[in-house]
Amino acid sequence: MRIDVVSIFPDYLAPLELSLVGKAVQSGLLELTVHDLRAWATDRHRTVDDTPFGGGAGMVMRPDVWGTALADVLTPEATLVVPTPSGETFTQRVAESLALEPQLVFACGRYEGIDARVAEHHRAAGGTVRELSIGDYVLNGGEVASLVMIEAVARLLPGVIGNPESLVEESHGEAGLLEYPVYTKPPTWEGLDVPEVLLSGHHAKIARWRRDRALERTLERRPDMVEALDPSVLDKADRAL
Ligand code: SAM
């Protein structure tokens, strides 16, 4: 996969050089380029914004600067991702769908956002545009939102996570549940013991215990997820809970 990020603060994306995403880039599993939007500004102050038509506070990012930047960066098969608090909510399902794309281009807004014609123009030209929100709150810019989405997508790419088994039982995975609590050594810490069943070596009992705790936790913290479950995925023991 190829990912391009366009921002007026390219340094904000430096964490992408670290950890698993950084390694994926180094090993060639992921091609990643961060671009400075100001490289496409044409005046001597490298202006990328202007006052909003209709009045009001703040500045809006200019469509002409974004237009030339995206014309250079987007390939015909690219998906343009526009982070915005007014977008569709970014979820694990969205991450899974983005992970199948050959190229993602993240357009990081600042100020009051990007002139609405940029997304409109790319849609009208037949391009795929995903306007996505990482949650119901407002950040100062699209860089942090892009970091969140890129990390969630990159870890789904084949080879990025050393043991792909770790993806199977995760929260928000195929089971539609939150993950069960996890423990490691030492078996007793601060007077708290690891649940005995996890030390038993009895695989079926451990699997049942984990399933029960996942269901309990999801019921308690995210009843909306339990309501959304297809009843046919629940077994008899699940229903007893
Ligand atoms: N005026 C906009 C509004 O009320 O919808 C908010 C603009 S915000 C200050 C500036 C930029 O931050 C946005 O263009 C977007 O790129 C990014 N941003 C802020 N909150 C976000 C969120 N929840 N999800 C994704 N991007 C966000």
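Helix H2 passes helix H4 in a right-handed crossing, a crossing being right-handed if the near helix is turned clockwise from the far one by less than a right angle, and left-handed if anticlockwise. This is a predicted model, in which local features need pLDDT of at least 70 and side-chain atom pairs count only at pLDDT 80 or more, while totals for chains, interfaces and linings use all residues. Residues are numbered from 1 along each chain as its sequence is written. Helices (H or I, at least four residues) and strands (E, at least two) are DSSP runs, numbered from the N terminus.

Two packed helices are described by the angle between their axes and the distance between the axes. H2 (residues 63-73) and H4 (residues 117-124) pack at an angle of about 40 degrees, with axes 9 Å apart; axes are lines fitted to C-alpha atoms over the stretch in contact, and angles run from 0 to 180 degrees between N-to-C directions. That angle makes H2 oblique to H4, since angles under 35 degrees count as roughly parallel, over 145 as roughly antiparallel, 65 to 115 as roughly perpendicular and the rest as oblique. Pro-63, Trp-66, Gly-67 and Leu-70 in H2 meet Arg-117, Val-118, His-121 and His-122 in H4, where contact requires C-beta atoms, placed from the backbone, to lie within 7 Å.

Around the ligand there are 19 residues, of which Pro-83, Gly-109, Gly-113, Gly-142 and Ala-145 come nearest; a residue is near if its C-beta atom, placed from the backbone, lies within 6 Å. Strand E5 (78-89) and helix H5 (142-154) each supply at least two residues of this shell, and E5 gives the largest share, four residues.

Most residues other than glycine have a negative phi, and most peptide bonds are trans. Two places in the backbone can be set beside that rule.

| Site | Backbone value | Loop |
|---|---|---|
| Arg-46 | positive phi, about 55 degrees | between strand E2 (31-36) and strand E3 (49-50) |
| Lys-185 and Pro-186 | cis peptide bond, omega about 0 degrees | Pro-186: between H5 and strand E8 (188-189) |

Methods: Two residues are in contact if their C-beta atoms, placed from the backbone, lie within 7 Å.
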